Amino acid sequence: MLEIQGLTKQYPGESEPALAGIDLTVRPGELVAVLGRSGAGKSTLIRCINRLVEPDAGKVRWNGRELTGVPPGLLRERRREIGMIFQHFHLLPRLTVKMNVLSGRFAAMPLWRPLFGAFAPEHRKAAGEALQRVGLAHLASRRVEELSGGQRQRVAIARVLMQQPELLLGDEPVSSLDPVTADRILGFIAELHREQGLTVVLNLHDVALARRYAPRIIGLSGGRIVYDGPPGELNDEALARIYPPDQD
Ligand SMILES: Nc1ncnc2c1ncn2[C@@H]1O[C@H](COP(=O)(O)OP(=O)(O)OP(=O)(O)O)[C@@H](O)[C@H]1O
């Protein structure tokens, strides 16, 4: 279970907080989409969960263990159950697909091993299986820079699978993909969520995609939750709260 209490973040030099006290509980096995206008605080929320962005105040707990306020060593250990995918994939483009996927195990092994390519046979086997799972086994030896955006995101998902996460965070994971590919990638994430009981929290720009794949939608505006419910209740009034018109 993901428990967020009073999460607050104001970036230096900004007049308004990016997060103005978020309280949110995500139950195990839920798939949640976070919607909101540009600047609503979606990325900040996702990134504060695993402290890629350091919140100013509030608590984040994953499976009963605190992520906020713990020292870096302990944070690294607790983050192992939390995978993350990004809009721009965060892969190593000059390395092969397989090396990128294997790098998903970096967190759990001594630093010298990946440096010397000394991956254990079971990790190589797991990488092969993860690539199979995302349908890219045939591209294992290709360099990532030779792949399309959709293929790159599938590599990033395979890398995250190596980590065997229980929670998957996605910071606009389909925003740089064309609509058809975005739909496929989200369908794929939803499948993993169903098959493996993965808890998923993604921020999305596309209301239709959120409606299609997320049984629970969180709407953010001005760093506050202004909607929390199923897609079926996301009516015009709720949408107007999530996407308020400009004041000028
Ligand atoms: N590194 C930063 N430094 C200063 N201000 C920031 C920084 N990152 C975000 N902000 C500000 O915090 C607020 C929330 O930004 P955030 O990126 O979380 O919103 P978002 O909903 O993810 O937007 P988008 O959909 O455009 O990515 C915005 O006002 C933004 O300008």
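Predicted model: local features only at pLDDT ≥ 70, side-chain atom pairs only at ≥ 80, totals over all residues.
**Notebook: core, ligand shell and strands**

I started at phenylalanine 89, which is buried because 22 other C-beta atoms lie within 10 Å. My cut-offs: a residue is buried if 20 or more other C-beta atoms lie within 10 Å of its own, exposed if 12 or fewer, and partly exposed in between, with C-beta atoms placed from the backbone. Phenylalanine 89 is not a glycine, yet it has a positive phi of about 70°. I found it in the loop between strand 6 and helix 3 (97–102); helices (H or I, at least four residues) and strands (E, at least two) are DSSP runs, numbered from the N terminus.

Residues are numbered from 1 along each chain as its sequence is written.

**Entry: other loops**

I looked up glutamine 164 next, in the loop between helix 6 and strand 7. Glutamine 164 also has a positive phi, about 45°, although it is not a glycine. It counts as partly exposed because 16 other C-beta atoms lie within 10 Å.

Glutamate 54 sits in the loop between helix 1 and strand 4 (57–62). Buried or exposed, I asked of glutamate 54? It counts as exposed, because it has 9 C-beta neighbours inside 10 Å.

**Entry: the core**

Which residues have the most contacts inside the largest nonpolar core? They are Val32, Ala33, Val34, Val101, Ala130 and Ala158, in a core of 66 residues. Helix 6 (residues 149–162) gives the most to this core, with seven residues. By nonpolar core I mean a set of buried Ala, Val, Leu, Ile, Met, Phe, Trp, Tyr and Cys residues joined through C-beta atoms within 7 Å.

I then followed valine 34. Leaving aside neighbours within four places in sequence, valine 34 is in contact with Lys42, Leu45, Val201, Leu202, Asn203, Ile218 and Leu220 (contact: C-beta atoms, placed from the backbone, within 7 Å).

**Entry: the ligand and helix 1**

Around the ligand I listed Tyr11, Glu14, Ala18, Gly36, Ser38, Gly39, Ala40, Gly41, Lys42, Ser43 and Thr44, taking residues whose C-beta atom, placed from the backbone, lies within 6 Å of it. Helix 1 (residues 42–49) contributes the largest share of this shell, three residues.

Helix 1 is mostly covered, with eight of its eight residues buried. Just after helix 1, arginine 51 takes a positive phi of about 65°.

**Entry: strands**

Strand 7 (residues 167–171) has five of its five residues buried. Leu167, Leu169 and Asp171 point one way from strand 7, and Leu168 and Gly170 the other way. Strand 7 pairs in the parallel sense with strand 6 (residues 82–86) over five bridges, and also with strand 8 (residues 199–203) over five bridges; I call two strands paired if DSSP finds at least two bridges between them. Isoleucine 82 stands opposite leucine 167, and leucine 169 has valine 201 in strand 8 as its bridge partner.

Last, I checked an open sheet of four strands in the order 2-1-4-5, with antiparallel pairing. Its edge strands are strand 2 (19–26) and strand 5 (65–66), each pairing on one side only. Six bridges join strand 1 (residues 2–9) to strand 2, and isoleucine 4 stands opposite leucine 24 in strand 2.

Note on methods:
Contact = placed C-beta atoms within 7 Å.
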